[in-house]
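Here is a briefing on one protein model. Please look over the sequence and the fold, then read the notes by topic.

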Amino acid sequence: MSFVHLHCHSSFSFHAGVPSVAEFVGRAKDLGMPAVALTDTDRMSGLIVHYEECRRQGIRPILGAELTEPRPGEVLAAQARRRQAGDDLPMAVPGPGLDPAELASRADSAGSYGRERLVLLARNAQGYADLCDILTERHLAADTFRFERLFTRPWPDLLLLTSSPGLLGVLAATPNRPNLYAELVNHSAATRQRSRQVEAVATALQLPLVATNDSYFLERADWTTHQVLTAIGLNSTVSRLRQGECAAPGATLRTAREMAAAFPSHPQALANAERIAADCGAIELDLGKWIMPRIEI
């Protein structure tokens, strides 16, 4: 029995992910997995480390990222940068009822668990370059960054996974439908309920399913660390964390047997994880060379 995890966070998912890249890859190897994906939230900071660590430990690296839409605080910061650069852009006024913590939020993973999220996996080196472009736009142009707009163009070198029923429907109407998968997660009552909704939408749209565990830590004992990191990122305390801001205690790097037990009626969703791994796990990056920017004069 084998399985490949496609939605995993390391400590580069700031204020959420617990393990270092080396610990994460080592655990995947100990579990006998032939490949593993790193998909940190809104950043690629750990991907080259992941690529090299997987090569060193003898398993195939899958390079990805978990994408979220910018929060109000990020939008205001992006607009402020544009005004400082001389752009004639009016400042948005925060709407009534917005949480001050949202307005002060940074572009990190704190509290992102309950938001709409999209996993992007690179199929090849061009897919990795596409990730670079998308994440750069996500951070530099947060005021105009929207999933609907971004994916109106095709990204043939990326695979898309989402556990959001609404986002699944939006993306199914774009040119990226052939590379779109409905993500099923089963490590809590909330994820089970959400996955039933996702499966219903996927069935109606005739989209394939894929099973993941959306892991933030290696063992259940690490859950408290995840809570503390999330509270720090939200400038809060563990006792004040709201429901949905943290992952469940079951968001670990499960064994293949545990994943099979979690999805007894979805063998195809489990098989699709390995299929995706085969599609994305042969990536080759040309490292050690300078890539100079092109500057128009």
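Which residues does Ser-215 touch, not counting residues up to four places away in sequence? They are His-7, Cys-8, His-9, Ala-251, Thr-252 and Leu-253, where contact means heavy atoms within 4.5 Å. This is a predicted model: local features need pLDDT of at least 70, side-chain atom pairs count only at pLDDT 80 or more, and totals for chains, interfaces and linings use all residues. Residues are numbered from 1 along each chain as its sequence is written, and side-chain values use heavy atoms, with hydrogens and water left out.

**Ser-215 and its loop**

- Ser-215 sits in the loop between β6 (209-212) and α9 (223-233). Helices (H or I, at least four residues) and strands (E, at least two) are DSSP runs, numbered from the N terminus.
- Ser-215 is buried, with a relative accessible area of 3%. Buried means under 20% relative accessible area, exposed over 50%, and partly exposed in between (1.4 Å probe, protein chains only).

**Nonpolar cores**

- The largest nonpolar core has 68 residues, and Leu-6 and Leu-121 touch the most other members. Helix α11 (residues 267-280) gives the largest share of this core, six residues.
- A nonpolar core is a set of buried Ala, Val, Leu, Ile, Met, Phe, Trp, Tyr and Cys residues joined through side-chain atoms within 4.5 Å.
- Leu-6 touches, among others, Ala-37, Ile-62, Val-119, Leu-121 and Leu-161, not counting residues up to four places away in sequence. Its contacts also include Ala-273, Ile-276 and Ala-277.
- A second, separate core has six residues, including Tyr-113, Phe-217, Ala-247 and Ala-251.
- In soluble globular proteins, nonpolar side chains tend to be buried together.

**Helices α1 and α2**

- The axes of helix α1 (residues 21-30) and helix α2 (residues 47-57) come within 10 Å and cross at roughly 40°. That makes α1 oblique to α2.
- Axes are lines fitted to C-alpha atoms, for helices over the stretch in contact, and angles run from 0 to 180 degrees between N-to-C directions. Angles under 35 degrees count as roughly parallel, over 145 as roughly antiparallel, 65 to 115 as roughly perpendicular and the rest as oblique.
- α1 passes α2 in a right-handed crossing. A crossing is right-handed if the near helix is turned clockwise from the far one by less than a right angle, and left-handed if anticlockwise.
- On the α1 side, Val-21, Ala-22, Phe-24, Val-25, Gly-26 and Lys-29 make the contact. On the α2 side, the partners are Val-49, His-50, Glu-53, Cys-54 and Gln-57.
- By class, the contact of α1 with α2 has six nonpolar, three polar and two charged residues. Here Ala, Val, Leu, Ile, Met, Phe, Trp, Tyr, Cys and Pro count as nonpolar, Asp, Glu, Lys and Arg as charged, and the others, Gly among them, as polar.
- Buried residues in α1 are Val-21, Phe-24, Val-25, Gly-26 and Ala-28. Their cover includes β1 (35-38) and α2.
- Gly-32 follows α1 and has a positive phi, near 80°.

**Helices α7 and α8**

- Helix α7 (residues 165-172) packs on helix α8 (residues 189-205) at about 20°, with axes 9 Å apart. The two are therefore roughly parallel to each other.
- α7 passes α8 in a right-handed crossing.
- Pro-165, Leu-168, Gly-169 and Ala-172 in α7 meet residues of α8, including Arg-194, Gln-197 and Val-198.

**Two buried sites**

- Ala-65 lies in strand β2 (residues 60-68). Ala-65 is buried, with a relative accessible area of 1%.
- Ala-65 and Thr-39 are 26 residues apart in sequence and 3.9 Å apart in space, C-alpha to C-alpha.
- Ile-134 belongs to helix α5 (residues 125-140). Ile-134 is buried, with a relative accessible area of 0%.
- Leaving aside neighbours within four places in sequence, Ile-134 contacts Leu-67, Leu-120, Phe-145, Leu-150, Trp-155 and Leu-158.

- His-15, in the segment before α1, has a positive phi of about 60° although it is not a glycine. His-15 is partly exposed, at 23% relative accessible area.
- Gln-206, in the loop between α8 and β6, also has a positive phi of about 60°. Gln-206 is exposed, at 71% relative accessible area.
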